[in-house]
Amino acid sequence: MDSSAGSETAPGPTVTALKVVVAGAFGVGKTTFVGSASDITPLRTEEVMTAASVGVDDLSATPDKRSTTVAMDFGRLDLDPGDTDTAGALPLYLFGTPGQYRFWFMWDELVRGAVGAVVLVDTRRLLDSFPVLDYLDRTDLPIVVAINGFDGEFPHGVDAVREALALPTTTPVVTCDARDRASATGTLASLVGHALTVRGGATGREPQRVASYRRDPQTTTGGAAR
Amino acid sequence: MSTPPGPESRDGPPRALVRPYTLTGGRTAAADSWPPETVVSATARVPSPRTPAPSRPADGRDLPDGDLRRLADHVRGPVWLPGDPGFAEEIASSYSSVAHRPRVLVGARDPGDVAAAVSFAVERGLPVAVQATGHGAVRPVDDGVMLSTRRMRTLRVDPDARTATVGAGVVWSEVIAAAARHGLAPLCGSAPAVGVVGYTLGGGISPLARTFGFTADHVVAAEVVTADGHVRPADEAHEPELFWGLRGGKGNLGVVTALVVRLFPITSLVGGGLFFDGDAADAVLRAYPGWTAGLSEATTTSVSLSHLGRRNRAGGRSPTVHLRFAHVGPPEAAAEILAPMRALVPALDTVGELPFEAIGTIHDDPTEPADVWKRGLLLGDLPPGVVETVLRTAGPDATDPVAGIEIRHLGGAMARRPQPDNAVGGRDARYGVFIVDAHGADGGAPERGRRLVEALEPHSTGATVNFLGTVTDSDVVATAWTREDYRRLRALKARVDPDEVFRFGYAVPALADDRPDDDAGLDTGPPEARAILEAARPWRSLAEIAAGTRLPLGVVRVLVTDLADAGHVRVHRPGAGADTDQLERALRGLQRRI
């Protein structure tokens, strides 16, 4: 005899949701990246920039960007649909971080339990990436730095960017086109692969990057040892 | 006799079938620590709320078959459209003699199927009909979504509580057998092949009704799917008004998917029938009013005149005169009570001590469906004029007799309203008359039947739902309840089914002035909670729910906490993070996409 009461219905297997944080400076392409990789139409809250907010957010290097993200935008990749409604389902959620510094209070919640973070950087304004990298450095989060090639151009090499950002050799630096689904997906694969590597290495944390340079954003060259 | 006679008054606490839904403000700990990707899954299918009328397709009549077939995506049970292999078999497998032709037929397996099918129908502006065994079929279902509930086979006996939990597809004979293993018995109908739920919702006049009251008086709890697609528990504590109306309101308020009914410690009774030659009809019927007037509540009887087959069961002249007798008490007392009727010399006497499982032999109702016209009335008394009318219409000397007439002795425990009260009508009646005949030439009432009803109506105090017969006129249907109860039912209908999704069978129209602006009257929690339930099917993250419902994440967390406490959703709490196995699966999943 079957169970008649709905609440007695077997709840089914647990769904494990994975989370990747898509971080980066304001205007670097996080929303575009989430939208490209996501299976669902990205859910987001955007507001048209006002004169007042222009004063807060520096748009000088990205004059074409007319709106900015003031809350989380996120997407979902169904990496394994499972056999039934819930069996074995493995969704991967992408959360784009708020670009403006004044929304950083949301980050602590966002990074908790995340697989890792994709840090998008724009070589035209590497300086802007330091606060993000600085924040993530204080967490245990595996990161991949992805150089977003606007208009598909990568004027600076990967090694130059690594050096400029004072990244350790163990942190993957990749190029990507945030508008391209395969490219964005490949970046995510790099991150998950890196997270597995970090986890597999019994030593745990990779070497710390040099913090002093990032705490002084005026310094744009070189990544000397501590 | 193994058991004490008298009404059973065991009143344990009502046992809800599903946990009630109340908004409590969050007892589940640590909800505010759930990150936005925390997955929430609805544990029961909770379909979307009623679609506002203006956005509906007109009557749903233009819906393509392809759309109707999509119902199969929402239910576990089979779905048929007319003409599909299995459609005709499913319809014909019931007891019903009525040829139903719904737009789509669903073999519901569980309350989730029922809820999904009701929502599916409502979203398309289609009415919903329900059938288990088909004994209650009044007229053909010619539209909408029909639910066949025969697959809902829940049957649990709780010997300590003396209750049985009975799914919509279970028939009385199954409950009788299951209860008998514990020395218990249900207040089943005279025909054990009848489904429990439909019978009980109409009141239910069992062969022991004068001793224990209507079967509906002994319903402890119900589980019902209402027109908004919610599976609801209803009992004295939860949705008490709905609980009032379900017991006696027949199918007007929703699809009852299960009932908890009281069982009685009875293993045997004195019962059977006295069969008389047609020539004895006069003597038996004239003796019956005076004899029954002196009977105690321990005895329930009825008498029928039947011309079916035009030959007498007892071997003599038509009609067969069949006196049915059931007594809860010692055989000696029963023999004394029955002596005046035995003195009229029955040709066949089957009255004796019976195991309760043999209760169906008392009435010995036909088990084959018969496509007949039926009509029932209740009488405050059985005066000589009524007996004359019955004999003139169905007696041995009637030139053009109706096929059958049954007179049931009512009253006794049936006259007393139960606690809590219910919507069962006919408590002031002392007798019930039920007429069976061939359909009239126009498919309506046969002329002789119509004349008989007209002759009886001046004595009538109303009707009882299960014995209304082939009636669709809402003024006649209304006679099955007191004036006050009928208005109360209509007001309740306006609240739980204002668009009359359940409009087949003995329909009670919604009271127009009581139609609510919204359906806030029901215990569903805030509309936001309902929206979350919809969104969390089969599972969604908190972030997606928040985005989809346009609610702040914090509000979603609180509401999800309440829903989890009520057992409506399951929260898949994220651990410290993904494990290696999950990461490897994720990596493979990503690489497949590149």
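1. **Confidence in chain A.** Start here before reading any detail. The model is predicted. Chain A has a mean pLDDT of 71. Of its residues, 61% reach 70 or more. Two stretches call for a look. Residues 1-11 of chain A have pLDDT below 50, and this stretch has 32 contacts in the model beyond near neighbours in sequence. Residues 45-59 of chain A also fall below 50, with 30 contacts beyond near neighbours in sequence.

2. **A three-stranded sheet in chain B.** Find the open sheet with the order β20-β1-β21 in chain B. Its pairing is antiparallel. Which strands stand at the edges? They are β20 (540-541) and β21 (569-572) of chain B. Each has a single partner strand, so one side of each lacks a neighbour in the sheet.

3. **The β1-β21 pair.** Strand β1 of chain B covers residues 39-42. Four bridges link β1(B) with β21(B), in the antiparallel sense. To trace the pairing, pick out B:V39.

4. **An enclosed strand.** Move to strand β16 of chain B, residues 373-379. Is this strand largely enclosed or left open? Buried means under 20% relative accessible area. Six of the seven residues of β16(B) are buried, so the rest of the structure largely encloses this strand.

5. **Partners of β16.** Strand β18 of chain B (residues 431-437) runs antiparallel to β16(B), and seven bridges join the two. In this pair, B:W373 stands opposite B:D437 of β18(B). Strand β19 of chain B (residues 460-462) is also antiparallel to β16(B), joined to it by two bridges. Here B:L379 has B:S460 of β19(B) as its bridge partner.

6. **A buried aspartate in a loop.** Last, look at B:D228. This residue sits in the loop between β8 (219-225) and β9 (231-235) of chain B. Its relative accessibility is 4%, so B:D228 counts as buried. What does its side chain meet? A polar contact of 2.7 Å joins the side chain of B:D228 to the side chain of B:T226. A polar atom of the B:D228 side chain also lies 3.1 Å from the backbone nitrogen of B:H230.

Definitions and conventions:
Residues are numbered from 1 along each chain as its sequence is written. Chains are lettered from A and ligands numbered from 1 in the order in which they are written. This is a predicted model: local features need pLDDT of at least 70, side-chain atom pairs count only at pLDDT 80 or more; totals for chains, interfaces and linings use all residues. Side-chain values use heavy atoms; hydrogens and water are left out. Two strands pair if DSSP finds at least two bridges between them. pLDDT is the predictor's confidence in each residue, from 0 to 100. Contact means heavy atoms within 4.5 Å. Buried means under 20% relative accessible area, exposed over 50%, partly exposed in between (1.4 Å probe, protein chains only). A polar contact is a pair of N or O atoms within 3.5 Å; within protein, one must be able to donate a hydrogen and the other to accept it, and residues adjacent in sequence count only if both atoms are side-chain atoms.
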